Amino acid sequence: MKTKYWIALLAGILLICICISFATMGGEAASRAQIVSNGQVLRTVDLAVDQEFTVETEGGYNIVTVRDGKIAVTQANCPDHYCMARGFCNSGAQIVCLPNRLVIEFLGKAEIDMVVG
């Protein structure tokens, strides 16, 4: 009975890990991203337009870069730089810089504007 219990427990934990992975890393590509600080929307960004801008918050600054339909924090004055380690993303979990109170959320999925051919 103990062996079956441990096998069932490990299988359950594995299933939960797989579900969390799909929920945070998967998903369809977003078409826009929203820059939020302290619950206020600072800016909504079109991921189809390459750009770079600085976001200044109470905690400090982050330089955000949009390139090839993806967004990333490329520079920050926070001590841990976890926000920069996330890299360029267009879906999945939010990009968060806790020391600078910055959150980048993905909005909507990418849509086809026109079909040629």
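**Side-chain interactions in the predicted model**

A search of the whole structure identifies one aromatic pair. The rings of Y5 and W6 have centres 5.5 Å apart and planes at 75°, so the pair is edge-to-face (rings of Phe, Tyr and Trp, the last by its six-membered ring, pair if their centres lie within 6.5 Å; planes under 30 degrees apart count as stacked, over 60 as edge-to-face and the rest as tilted). Y5 is exposed, at a relative accessible area of 51% (buried denotes under 20%, exposed over 50% and partly exposed in between, with a 1.4 Å probe and protein chains only). The model is predicted: local features need pLDDT of at least 70 and side-chain atom pairs count only at pLDDT 80 or more, whereas totals for chains, interfaces and linings use all residues. Side-chain values use heavy atoms, without hydrogens and water, and residues are numbered from 1 along each chain as its sequence is written.

One salt bridge is present in the structure (a side-chain nitrogen of Lys or Arg within 4 Å of a carboxyl oxygen of Asp or Glu). In this bridge E58 is joined to R101, with the closest N and O atoms 3.8 Å apart. E58 lies in the loop between β3 (51-56) and β4 (61-67), and R101 in the loop between β6 (95-97) and β7 (102-109), so the pair ties together parts that are 43 residues apart in sequence (strands are DSSP runs of E, at least two residues, numbered from the N terminus). E58 is exposed, at 64% relative accessible area, and R101 is partly exposed, at 38%.

Q34, in strand β1 (residues 30-37), is buried, with a relative accessible area of 17%. Beyond its neighbours within four places in sequence, Q34 contacts residues including R43, V103 and L107 (heavy atoms within 4.5 Å).

How values were computed
Helices (H or I, at least four residues) and strands (E, at least two) are DSSP runs, numbered from the N terminus.
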